[in-house]
Amino acid sequence: MQIKEVTQHLEAMAPLVYAEDFDNVGLLVGNPETIVTGVLVTLDTLETIVDEAIENNCNLIVSFHPIVFKGIKKFNGNNYVERVVIKAIKNDIAIFSMHTALDNALYGVNDMMCEQLGLINRKILIPQSGNIKKLMTFAPIAEAETLRTKLFEAGAGSIGNYDNCSFSSEGTGTFRALENANPSIGETGKIHHEKEIQIQVTYPKHCESKILKALFENHSYEEVAYEITTLENKNQNIGMGMIGELPEAYDELEFLKHIKKVFKTGCVKHSALGNKPIKKVAVLGGSGSFAITNAQRAGADIFITSDLKYHQFYEAEGKLILADIGHYESEQYTKNLIVSYLRKKISNFAIILSDKNTNPIQYI
């Protein structure tokens with residue numbers, strides 16, 4: 001199996017098109033055509049992780065965080081990023097990063113946090129907009145049903161818990177084939193009228209290339225008329241953070257202690273307690289201060305995230321508890337999620353979970 005075949009599985013798990021604009025995801029180091037000997041999954045790629053990959057005969061590292069984030073003009077080994085990349089290249093080791101693509105996935109980082117806490121009735125906290133598209137095309141009546149079916153098979157027409165969704169209307173299309181045309185119906189130089197069906201389907205943007213391929217391969221016209229529109233509708237299956245409910249309410253202090261134990265953190269920083277039970281819980285792995293207001297609006301009793309600054313704790317406003325459990329701690333189970341997924345998809349070489357703790361923060 002080639003590296004690109006492994007990364008195709010990873011992109012099916014978390015399509016890279018849903019990563020944030022500022023992010024750097026995908027294959028950062030290595031040749032996608034290389035044959036895979038083994039895969040090492042980690043949260044961060046450090047020199048010790050490259051050494052671990054070498055020891056385990058793994059030539060592909062799947063890292064949640066990207067080792068190359070900002071632009072690098074020199075590779076002289078003057079910092080850990082340069083040293084990691086140099087060592088990986090010297091040892092023919094590829095590095096693939098998922099980061100915010102997996103943050104935004106329905107069954108990604110935040111769902112894993114909810115799983116550890118036993119939350120039920122989960123949903124995306126901040127659904128992403130601008131990633132649902134609509135295709136409108138026209139086909140001869142006799143071809144419309146087959147074309148619609150092929151579009152569905154390519155991923156079009158799926159909305160929430162429904163699939164095969166479309167809208168059709170009948171009308172008359174006109175065209176005239178010019179001198180160099182090769183029309184499938186009609187005659188060159190003559191205006192042709194054809195009874196057609198207008199087909200409209202929505203689709204998630206990561207399916208666009210497959211859907212267009214299905215359109216062109218299953219349409220008889222030499223020039224296929226179609227129109228693509230980006231919708232502002234929020235995608236309830238893609239986005240940052242997640243909110244869910246505990247099966248039974250917790251006392252505030254007891255739940256904070258529970259969080260500390262579940263996420264194995266040396267410290268839980270939190271805002272003032274509100275003297276009310278904890279039932280509704282919002283989470284966002286990594287730096288989540290931008291979602292405080294979203295958690296409040298969603299009615300969360302507590303918002304679990306990391307990297308909160310001093311003044312941001314005031315933003316709790318007595319409406320909910322803010323709990324900072326640490327960046328590494330909030331994302332630590334992500335590598336387990338990736339390993340579990342890959343082992344279900346691939347069985348012909350080793351998928352290894354890194355045993356290195358890459359947390360740069362220590363507690364006393």
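Guide: Glu-317 is exposed, with a relative accessible area of 59%; here buried means under 20% relative accessible area, exposed over 50%, and partly exposed in between, using a 1.4 Å probe and protein chains only. This is a predicted model, where local features need pLDDT of at least 70, side-chain atom pairs count only at pLDDT 80 or more, and totals for chains, interfaces and linings use all residues. Residues are numbered from 1 along each chain as its sequence is written, and side-chain values use heavy atoms, with hydrogens and water left out.

Back to Glu-317: the residue sits in the loop between strand E13 (302-306) and strand E14 (321-324). Helices (H or I, at least four residues) and strands (E, at least two) are DSSP runs, numbered from the N terminus.

Lys-264 belongs to the loop between H8 and E11, and at 61% relative accessibility it counts as exposed.

Now step back by one residue. Phe-263 is buried, with a relative accessible area of 0%. What does Phe-263 pair with? Its partner is Tyr-333, in a tilted aromatic pair with 6.2 Å centre to centre and 55° between the planes. The rule is that rings of Phe, Tyr and Trp (its six-membered ring) pair if their centres lie within 6.5 Å, with planes under 30 degrees apart counted as stacked, over 60 as edge-to-face and the rest as tilted. Phe-263 lies in the loop between helix H8 (252-262) and strand E11 (269-270), while Tyr-333 lies in the loop between helix H10 (327-331) and helix H11 (334-345), so the pair ties together parts that are 70 residues apart in sequence. Tyr-333 is buried as well, at 13% relative accessible area. A search of the whole structure turns up 6 aromatic pairs.

From there, follow the chain into H11. Helix H1 (residues 3-13) packs with H11 at an angle of about 120°, their axes 11 Å apart. That makes H1 oblique to H11: angles under 35 degrees count as roughly parallel, over 145 as roughly antiparallel, 65 to 115 as roughly perpendicular and the rest as oblique. The axes are lines fitted to C-alpha atoms, for helices over the stretch in contact, and angles run from 0 to 180 degrees between N-to-C directions. On the H1 side, Val-6, His-9, Leu-10, Ala-12 and Met-13 meet Leu-337, Ile-338, Tyr-341, Leu-342 and Lys-345 of H11, where contact means heavy atoms within 4.5 Å. The residues of that contact divide into 8 nonpolar, 1 polar and 1 charged. In this scheme Ala, Val, Leu, Ile, Met, Phe, Trp, Tyr, Cys and Pro are nonpolar, Asp, Glu, Lys and Arg are charged, and the others, Gly among them, are polar.

Next up, H2 and H3. The axes of helix H2 (residues 47-55) and helix H3 (residues 80-90) come within 9 Å and cross at roughly 15°, which makes H2 roughly parallel to H3. Glu-47, Val-50 and Asp-51 in H2 touch Arg-83, Val-84, Lys-87 and Ala-88 in H3. That contact has 3 nonpolar, no polar and 4 charged residues.

Then there's helix H6 (residues 141-153) with helix H7 (residues 208-217), packed at about 160° with axes 8 Å apart. H6 and H7 are therefore roughly antiparallel to each other. Leu-147, Lys-150 and Leu-151 of H6 meet Ile-211, Ala-214 and Leu-215 of H7, a contact that splits into 5 nonpolar, no polar and 1 charged.

In helix H5 (residues 109-117), 7 of the 9 residues are buried, so it is largely enclosed by the rest of the structure. Those buried residues are Val-109, Asn-110, Asp-111, Met-112, Met-113, Cys-114 and Leu-117. Gly-118 follows H5, with a positive phi near 75°.
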